Amino acid sequence: MIECMASLSSLHVPPARLSPVRKKQVYASVSPVELTSRRPLLFSSVSTTFSLLIYSNSTALAKPTAISDFSELPNSGGVKVLDLRVAQGELPVDGDQVAIHYYGRLAAKQGWRFDSTYDHKDETGEPIPFNFILGSHNVISGIQAAVRSMKVGSIRRVIIPPSQGYQNMLQEPLPPNYFDRQRLFTTIFNPTRIANGEGSTLGTLVFDIELVSLRHQ
């Protein structure tokens, strides 16, 4: 998945679990073999420069994908994306209600997965997507920037810098578990480590996002 170079730590994050891929969907940046095989998400860090590679767990390693394959979204404040699946659904606009599934991880805390919609289940045991109005101020900017240029059915890996991530403890999406929320925010807003110049690492987020549906308001 992603090998991310940042500072002094090396960590392993479980592979993302995304919805089944239909054969007729269009892929970008990674091959179907890479998508369907199980892969570890590996972060290691040295300074504040990211170097990202995608690996396959199959017997023959897939060709690595360098950071140059990640695109910085225009006017996003530094949000970088890698399309894992490009679908042919509708493109959302501000004001639409969108539903997404996601895995959210911190670049710090050994790539800790702090939340996933696949852990939020309804009474039948089905995962509940996260719904929000595109363009609203209560959702972190990095997610909105990524979703704004996705078509329904697409899957995208997103690297969100601190300036486009959580700016306060009220912004969504929020882990439903109180202790997870506390751990998340005491890491991101740790005053001692921020004073030591670690802010760019502490607040960096990595999201795997699937745009499930949209509804015009």
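Trainee: Which residues are buried in H2?

Mentor: Keep in mind that this is a predicted model. In H2, the buried residues are Gly-142, Ile-143, Gln-144, Ala-145, Ala-146 and Val-147. That is 6 of 8, so the helix is mostly covered.

Trainee: What do the buried residues of H2 pack against?

Mentor: Strands. They pack against S4 (80-85), and also against S5, S7, S8 and S9.

Trainee: Switching to the largest nonpolar core. Which residues touch the most other members?

Mentor: Ile-143, Val-147, Phe-207 and Ile-209, out of 31 residues in that core. At least two core residues come from each of S5 (97-106), S7 (130-133), H2 (141-148), S8 (155-160), H3 (178-188) and S9 (205-215). S9 supplies the largest share, with 5 residues.

Trainee: And what is Ile-209 in contact with, leaving aside neighbours within four places in sequence?

Mentor: Among others, Ile-143, Ala-146 and Val-147. The list also includes Ile-100, Tyr-102, Met-150 and Val-158.

Trainee: Which residues are in the other core?

Mentor: It lies apart and has 5 residues, among them Phe-70, Leu-82, Ile-155 and Ile-159.

Trainee: Now H3. Which of its residues are buried?

Mentor: Leu-184, Phe-185, Thr-187 and Ile-188. Down the axis of H3, they fall within an arc of 160 degrees, so they line one face of the helix.

Trainee: What does that buried set pack against?

Mentor: The buried residues of H3 pack against S5, S6 (113-116), H4 (191-195), H5 (199-202) and S9.

Trainee: And what does Asn-177 reach at the start of H3?

Mentor: The backbone nitrogen of Phe-179. A side-chain oxygen of Asn-177 comes to within 2.8 Å of that nitrogen.

How values were computed: Residues are numbered from 1 along each chain as its sequence is written. This is a predicted model: local features need pLDDT of at least 70, side-chain atom pairs count only at pLDDT 80 or more; totals for chains, interfaces and linings use all residues. Side-chain values use heavy atoms; hydrogens and water are left out. A nonpolar core is a set of buried Ala, Val, Leu, Ile, Met, Phe, Trp, Tyr and Cys residues joined through side-chain atoms within 4.5 Å. Buried means under 20% relative accessible area, exposed over 50%, partly exposed in between (1.4 Å probe, protein chains only). Helices (H or I, at least four residues) and strands (E, at least two) are DSSP runs, numbered from the N terminus. Contact means heavy atoms within 4.5 Å. The arc is that of the directions from the helix axis to the C-beta atoms. A polar contact is a pair of N or O atoms within 3.5 Å; within protein, one must be able to donate a hydrogen and the other to accept it, and residues adjacent in sequence count only if both atoms are side-chain atoms.
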